[in-house]
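Me: I have a structure open and would like to go through a few places in it with you. Could you take me through them one at a time?
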Amino acid sequence: METTMVLRSTLGLCVVSSSSNLRQYRTSAAKHRLTSVKSVTSTTPPPPRGVQLKRKSNDENGATVGKVVENPYSKVEAARPDLRKSLSDFLEEAKGFVGDGGGPPRWFSPLESGAQAQGSPLLLFLPGIDGTGLGLIRHHKKLGEFFDIWCLHIPVSDRTPAKDLVKLIEKTVKSESFRFPNRPIYLVGESIGACLALDVAARNPNIDLSLILANPATHVNNFISQPLSGMLNVLPGGIPTLLEDIIGVNQGDPLTGMLEALSNEFFSQRMGGVGGGLLRDILAVSTNLPTISRMLPKDTLLWKLEMLKYAIASVNSHIYSVRAETLILMSGRDQWLLNEEDIDRYSRTLPKCIVRKLDDSGQFPLLEDGVDLATIIKCTCFYRRGKSHDHITDYIMPTTYELKQQVDDHRFLLDGTSPVMLSTLEDGTIVRSLEGLPSEGPVLYVGYHMILGFELAPMVLQLMKERNIHLRGLTHPLVFKNLPDSLVDTKMFDKYKIMGGVPVSSFNIYKLLREKAHVLLYPGGVREALHRKGEAYKLFWPERSEFVRVASKFGAKIVPFGVVGEDDICEIVLDSNDQRNIPILKDLVEKATKDAGNIREGDESELGNQDCCFPGLVPKIPGRFYYYFGKPLDLAGKEKELKEKEKAQEVYLQVKSEVEQCIAYLKVKRETDPYRHLLPRTLYQASHGWSSEIPTFEL
């Protein structure tokens, strides 16, 4: 009689039958690179090649202890997108899964997923037609910093029906939901895996699930599938061996190494590395055709096609039972399994659904260079550790590469305006640096909003670069609404979410200051950012204080600041008043204003009736941006005093007056700047070096 032993692995329970199998498991685990996590039957075969035991430290609640996230700005210049694993890595590691010796489906956890932050939710990856479970290989490292990742491996020879796979996943979901009832479980699936995820969600509406579906299979293109099935039925066996003999080019061969080196050298010089990546992918596929053919031999592919048809039919019959929040990633060039009309129907049927279209992606977006799942999750505010997303506690700092993208996206503005930043020391001295800003929070930065918020990127990036200060900006709620692309291009709001924007509200100000954050507030809000002709540098603040008493509760410092330069880069030619006089534009303005919502509803002044529409601008040859941060106002120990409305109002008016003085100071001093215009700045850098700091007016 066999003795069943239970091994508590890094991410769950691995049931091992007999001590000999336990020894075999450990021997195999010591050789390879991934972690076997959980068996789906009482008899566990050896894990697939490419499997290794991974150790993690857990707290008493079962949450893995994470590392402190460092500010990535210091490494921006060295940031490279190609450090992630490639298609070649996927195919190379898939070799160990193709020859796994069969057995039932089982879970594994990738080693490179790293140490998660405390309380990280569980992420279950459900593979597509390949079944290896390696479909997230390019995303393991980044996702592993804030998810506990399990991947489902379905061996090549396995013939578990789709309905039984759903039960298998459902069993794991229920078990983990019971262990950690206050944490969500993420189901990430592609094609067939997305269908399985939807079925599990439909069967378990009371479990807290979040679905991420990459190209969910909504239909099978019969124009392609029927000839493919017919061709497969007449193909002879032994194709994998035949391909290997015919091609004769394998990973590790001298010819392969020479081709890879040539592609890297040629395309990195001629095409910035983009073409090199494409050539490497083509080379990877050509040298791994035997692996691909073993991954999907004729009988397995026929089985998967039949399973796909069943899974699609099952999903379409249960779609109305799904209650989970859903993020759908839809490729623009997938015409075989994906139907845009079906995705539109899903988005209207599912109660909480976001659709993010990947215009340049094909059938396998998660293996493509241009798709970063971790960044997409951040940009859609789809990450949460509790019952709902919290913009403060669930925020994830930008990675080095994400920060580099922000710098690159604003390179023209940064280089074209050569920002000058001044601050005030405690003794009142004005210096050309940010030395006068407080290092420790809580700090509330209160200032003037230029047209379309042009001042934001240079200021936020410079504070992070020079002082290691990460500003959390209070942002209009429209940015977080995930409206359909037909109404607004939501991708233009991604930068605010990546950099830590938070919906503006008194409660969020309270929570940020409680966390000792550096908070950016524009009391003028949309009214200043979308101001009309002739209103540059005019403050549109409410009559009464909205932030002084909250700031005093935490002893915060208030830093008033002014910024000028918008009139040197553009001119307003069509403001909201002009647009309302044009019949076609008037309807668009009214619809946009309604969709944006009114955060000052009930305010009888013009602040409560602000149009939400972009003004028409004519660009100018860029002048220069100037920032002036006034002397910080310390509210420590004044909470009792500022509980009185009159006292709080005095401080509010003082802050407003200092912002106006900062603007007035800059408007006068910039007239004496010999490098205010683009040509003198260009000549200075040409003679002193392009990275040199350009002088300005005397302080």
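Me: Is Asp409 buried or exposed?
Reply: This is a predicted model, and in it Asp409 has a relative accessible area of 61%, which is over the 50% cut-off and therefore makes this residue exposed.
Me: Which helix is Asp409 in?
Reply: Asp409 belongs to helix α14, which covers residues 400–409. Its C-alpha atom is separated by 9.7 Å from that of Ala457, a residue 48 places away along the chain.
Me: Changing topic, which residues of α25 are buried?
Reply: In helix α25, residues 678–688, the buried ones are Arg681, Tyr684 and Gln685, and they lie on the same side of the helix because they cover an arc of only 95° around its axis.
Me: What covers them, and what is on the face turned away?
Reply: The cover over the buried residues of α25 includes α15 (411–417), whereas the face turned away carries the exposed residues Leu679, Leu683, Ala686 and Ser687. Just after α25 comes Gly689, with a positive phi of about 105°.
Me: And the largest nonpolar core, how many residues does it have?
Reply: That core has 72 residues, and those with the most contacts inside it are Tyr445, Met459, Leu463, Phe547, Ile558 and Phe629. Helix α24 (residues 645–669) gives the most to this core, with eight residues.
Me: What does Leu463 touch?
Reply: Leaving aside residues up to four places away in sequence, Leu463 touches Leu434, Leu437, Tyr445, Asn468, Ile469, Leu471 and Phe629.

Key
Residues numbered from 1 in each chain as written. Predicted model: local features only at pLDDT ≥ 70, side-chain atom pairs only at ≥ 80, totals over all residues. Heavy atoms only, no water. Core = buried A, V, L, I, M, F, W, Y, C linked by side-chain atoms within 4.5 Å. Buried < 20%, exposed > 50% of the residue type's maximum accessible area, 1.4 Å probe, protein only. Helix = DSSP H or I, 4+ residues; strand = E, 2+ residues; numbered from the N terminus. Contact = heavy atoms within 4.5 Å. Arc of directions from axis to C-beta.
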